[in-house]
Amino acid sequence: MDLDTRLLRYFAAVAEEGSLTGAAERLFVSQPALTKQIRRLEDGLGVRLFARSRSGMALTEAGRELASRVPALLDGWDEAVQATGRAARVLRLGFLDAGAVGAVPEVIAEFRQAQPEWRVELRQFDWSDPSAGLARGEVDAAVVRLPFPGQESFAVRELFVEERGVLLPARHPLANSETVQFRELSDEPFVAAGAETGAWREHWLAAEERDGHPVRVGAVTSRPDEWLGAVAGGCVALAPASVPRFYSHPDVVFRPVSGVSPSRVGLARPRGRTHEAALDELLEAIARRLSWSWRRGRQTAGALRGCSD
């Protein structure tokens, strides 16, 4: 049987988590999709890898044998991919939204001038994968918003924090407010990411800052255009303060919101991988520029507030 490494990653996650639910959250896939892929692997191998029960997924003897070998197989494959990228002089950097990336394209352009033998691929992922490609081994590093499921598996360097605001329909009663109190949004239908995104979804619903008030989900989306469309249609959504600079819709307004924690932006990469000097150099330059840009933005905002006082 010719195996897709994705199937092995799915198997390893279920084996480690002991449940489809936990593994689905870690992999940013739906539970039905994960179940289908595990069955595909079992059918291909002609063996049962898990004994299913209400308490979870227990490895069979065949499953334990495979589980003992899969980490080395995946590590070897990841190392081969990384080595191939080094040989081809390709660095892959994932990201989710333009607000988090900021000046990264400028840093990449400078890096290319200094090291023209290297090619840098900047890959954008939608919100169905808050790890921006890291969880599936599709990138070498990523600019991410924290927290995201499986974060502890990666080396994460926090770069800056960004206040969150709220996107509202232009006709909403709070649309003209200078600042919206989060408690005023308690009964509003929120736009949410898919349930498989776990901690990411909870953060952008401010689930832990609702004082026990249940979340009302009005729409589930994974792309900016769907997100803005859902808000224009009557939902609300928490969003980073940088959103108005990069995304707009004629029927949507952004307002500052008080009573919620900020968004944290970080630079993440796999742990334990052989470091490539060029990647280290690029990531250090990105970290410096993003941190500097954030500090400069804060100073500028403070100066403008001082002038208006």
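Arg 92 is buried, with a relative accessible area of 15%. In this predicted model, the side chain of Arg 92 forms a salt bridge with that of Asp 140. The structure holds 18 salt bridges.

**Arg 92 and Asp 140**

- The N-to-O distance in this salt bridge is 3.2 Å.
- Arg 92 lies in strand S3 (residues 90–95), while Asp 140 sits in the loop between strand S4 (119–124) and strand S5 (141–146), so the pair ties together parts that are 48 residues apart in sequence.
- Asp 140 also counts as buried, because its relative accessibility is 12% and the cut-off for buried is under 20%.

**Glu 110 and Arg 289**

- The side chains of Glu 110 and Arg 289 meet in a salt bridge at 2.8 Å, N to O.
- This pair links distant parts of the chain, 179 residues apart. Glu 110 belongs to helix H6 (residues 104–114), and Arg 289 belongs to helix H10 (residues 277–308).
- Glu 110 is partly exposed, at 41% relative accessibility.

**Glu 209 and Arg 164**

- A salt bridge joins the side chains of Glu 209 and Arg 164, with 3.3 Å from N to O.
- Here too the pair links distant parts of the chain, 45 residues apart. Glu 209 is in the loop between helix H7 (199–204) and strand S10 (217–220), and Arg 164 is in strand S7 (residues 164–169).
- Glu 209 is partly exposed, with a relative accessible area of 26%. Arg 164 is buried, with a value of 3%.

**A salt-bridge network**

- Glu 42, Asp 43, Arg 48 and Arg 52 form one network, joined by salt bridges that share partners.

- S8 and S12 run parallel and are joined by 2 bridges.
- Gln 181 stands opposite Ser 258, which is in S12.

**Helix H8**

- H8 spans residues 224–232. Its buried residues are Trp 227, Leu 228, Ala 230, Val 231 and Ala 232.
- The cover over these buried residues includes several strands, among them S7, strand S9 (190–192), S10, strand S11 (237–240) and strand S12 (252–258). Helix H9 (243–246) is also part of the cover.
- Gly 234 follows H8. The phi of Gly 234 is positive, near 130°.

- Val 220 is classed as exposed because its relative accessible area is 53%, and the cut-off for exposed is over 50%.

Definitions and conventions: Residues are numbered from 1 along each chain as its sequence is written. This is a predicted model: local features need pLDDT of at least 70, side-chain atom pairs count only at pLDDT 80 or more; totals for chains, interfaces and linings use all residues. Side-chain values use heavy atoms; hydrogens and water are left out. A salt bridge is a side-chain nitrogen of Lys or Arg within 4 Å of a carboxyl oxygen of Asp or Glu. Helices (H or I, at least four residues) and strands (E, at least two) are DSSP runs, numbered from the N terminus. Buried means under 20% relative accessible area, exposed over 50%, partly exposed in between (1.4 Å probe, protein chains only). Contact means heavy atoms within 4.5 Å. Two strands pair if DSSP finds at least two bridges between them.
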